[in-house]
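Me: I want to learn to read packing and pairing from a model. Can we work through one together?
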Amino acid sequence: MTPDAVSRLNHGRRRYTETVLLSLVACHECDLLHEKHELAVGEVARCVRCNAFLYSNKPNSIDKALAVSLAALIMFVVANAFPFLAISVSGNSQSISIVSAVFALSDGGMWLLGLLCFGFILLIPLLRVIGLLYLLLPLRFGYRLPGSELIFRGIVAMSPWSMMEIYLLGAVVALVKLASMANIELGLSFWAFALLNLLSALAAQMVDTHTLWDFLIHSRGGKDAIVNGGHRV
Ligand SMILES: [Zn+2]
């Protein structure tokens with residue numbers, strides 16, 4: 001057999017293996033492998049052993065996730081452009097924004113806490129929203145941009161470290177405690193931040209991981225293009 005024939009045979013075997021692997025899905029809870037089937041709109045696939053969620057076919061999931069992610073980005077800008085709250089005590093009034101609160105921690109000597117707040121409350125949530133838009137906007141038109149796989153893995157890895165809801169909960173607890181000692185006025189940023197928390201949770205619900213991987217693989221510039229381009233073979 002000539003070297004060219006061997007190369008073609010190996011290429012064919014690899015493509016067959018990839019096709020078989022892409023048709024399987026593993027249960028996150030018990031690792032049982034399932035063969036993937038096309039679902040009707042609204043249907044949900046569950047593990048036959050432990051009944052855990054596997055994947056679903058939500059109607060217009062990319063459109064909805066894109067709309068929610070765009071709204072989340074707008075709320076992020078509003079939340080950081082306006083005062084979070086204003087406190088008045090004995091005639092003295094002071095307003096503070098989320099960014100200035102983070103820098104106030106650093107200025108007060110708690111630079112590590114300030115750095116963690118900056119990362120978990122501002123940087124990671126912003127990167128997640130921008131990353132989702134980078135994936136979803138081209139997918140809406142059937143394309144994927146370079147580095148989409150890496151960015152999607154990054155979004156999944158960053159998800160547990162986005163802690164906006166903890167910050168909001170901490171702020172509400174502090175406000176309840178301060179309410180009897182000072183006059184507190186909630187700013188536009190507070191409501192935008194609360195809405196941002198809601199939208200971030202909604203964006204995660206709109207499209208599940210398996211569905212988004214399927215969209216990425218089957219989009220133009222997806223797996224077939226990668227295989228033909230020779231990067232994966
Ligand atoms: Zn299972």
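Me: Which residues in α3 meet which residues in α4?

Reply: This is a predicted model. From α3, the residues are I98, V102, F103, L105 and S106. From α4, they are W111, L113, G114, C117, F118, I121 and L122. By class, the contact of α3 with α4 has 10 nonpolar, two polar and no charged residues.

Me: How should I describe the packing of α3 and α4, by what angle and what distance between axes?

Reply: Two packed helices are described by the angle between their axes and by the distance between those axes. Here α3 (residues 98-107) and α4 (residues 111-140) pack at an angle of about 155°. Their axes are 6 Å apart. Angles over 145 degrees count as roughly antiparallel, so α3 is roughly antiparallel to α4.

Me: Now the sheet. In what order do the three strands lie?

Reply: The order is β6-β5-β7, in an open sheet with antiparallel pairing. β6 (92-96) and β7 (183-186) stand at the edges. Each has a single partner strand, so one side of each is left without a neighbour in the sheet. The twist averages 15° from one strand to the next.

Me: How many bridges join β5 and β6?

Reply: Five, in the antiparallel sense, with β5 covering residues 85-89. V89 stands opposite N92 in β6.

Me: Last, α6. How many of its residues are buried?

Reply: One of the 15, so α6 lies largely in the open. A residue counts as buried if 20 or more other C-beta atoms lie within 10 Å of its own. Helix α6 runs over residues 164-178 and reaches 21 Å from its first C-alpha to its last. That is close to the 21 Å expected at 1.5 Å a residue.

Note on methods: Residues numbered from 1 in each chain as written. Predicted model: local features only at pLDDT ≥ 70, side-chain atom pairs only at ≥ 80, totals over all residues. Helix = DSSP H or I, 4+ residues; strand = E, 2+ residues; numbered from the N terminus. Expected span 1.5 Å × (residues − 1). Buried ≥ 20, exposed ≤ 12 C-beta atoms within 10 Å, placed from the backbone. Pairing = 2+ DSSP bridges. Axes fitted to C-alpha atoms, helices over the stretch in contact; angles between N-to-C directions. Parallel < 35°, antiparallel > 145°, perpendicular 65-115°, else oblique. Contact = placed C-beta atoms within 7 Å. Nonpolar A, V, L, I, M, F, W, Y, C, P; charged D, E, K, R; others polar.
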